Amino acid sequence: MRTLTLEAFLDALAARVPAPGGGATAALHAAQGAALVAMVARYSDGEKYRQDADAIAQIRANADDLRALALALAEKDAAAFQAVTRAYALPKSTEREKVARSRAIGAALVEAGRVPARVIAVAKQIVNLTERLQPIGNRNVISDVAAAADAARAALSTARVNVEINLSGIGEGPARDELTAAIATVDQAIARADDVTTAVRKQITR
């Protein structure tokens, strides 16, 4: 998927095919947020930013790593959803086939839930980077810190929905507990992202 042009990706997204879908877009929201953080960090160099140079360098490196991870998760999400589709297509004529199909569906749903759960973890880290960069970044491009926070917010909200849709087919047990825990603090992370955007807006309207 990473080799597609933007137009080709959007065509695939709009097509009547199971993937890519919302899960992949959640990961791409996160990737865009990370890229924006890295861009602002790269503009925050020179003598004026010497006091915070180490922090800015770390933010930049972390953002680059998170962008690569988010992009990989976009591809993994598409693959995980295709596995769910294949599991539902398994034969169910006999009791043995029904049991095997049920197990395959359950396993596929768990993996399909784990991918957006990892996107949530990535998006939370991006929010953290925006919080660190907002007060020290180059004011000329500080609006892009807000754009990064908003992209991470979209990733959080969208990924949570994709965890929840898979949770609906997963029975009680450790996997369900794991995924439930992954979405438990999304609202707090979204609120933090909103706070960054608010802080940037106040900063640019002074």
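I began with the ground rules: residues are numbered from 1 along each chain as its sequence is written, and side-chain values use heavy atoms, with hydrogens and water left out. Because the model is predicted, local features need pLDDT of at least 70 and side-chain atom pairs count only at pLDDT 80 or more, while totals for chains, interfaces and linings use all residues.

I searched the whole structure for salt bridges and found 9, a salt bridge being a side-chain nitrogen of Lys or Arg within 4 Å of a carboxyl oxygen of Asp or Glu.

I looked up Lys98 and found a salt bridge with Glu95, the closest N and O atoms being 3.6 Å apart. Both residues lie in helix α4 (residues 95–133), 3 residues apart, about one turn of the helix; helices here are DSSP runs of H or I with at least four residues, numbered from the N terminus. Glu95 counts as exposed at 56% relative accessibility, and Lys98 as partly exposed at 40% (exposed means over 50% relative accessible area, buried under 20%, partly exposed in between, with a 1.4 Å probe and protein chains only).

I then turned to Glu178, which pairs with Arg114 in a salt bridge whose closest N and O atoms are 3.0 Å apart. This pair links distant parts of the chain, with Glu178 in helix α6 (residues 174–183) and Arg114 in helix α4, 64 residues apart. Glu178 is partly exposed at 36%, and Arg114 is partly exposed at 32%.

Last, I noted that Arg42, Asp64 and Arg67 are linked in a network of salt bridges.

Definitions and conventions. Helices (H or I, at least four residues) and strands (E, at least two) are DSSP runs, numbered from the N terminus.
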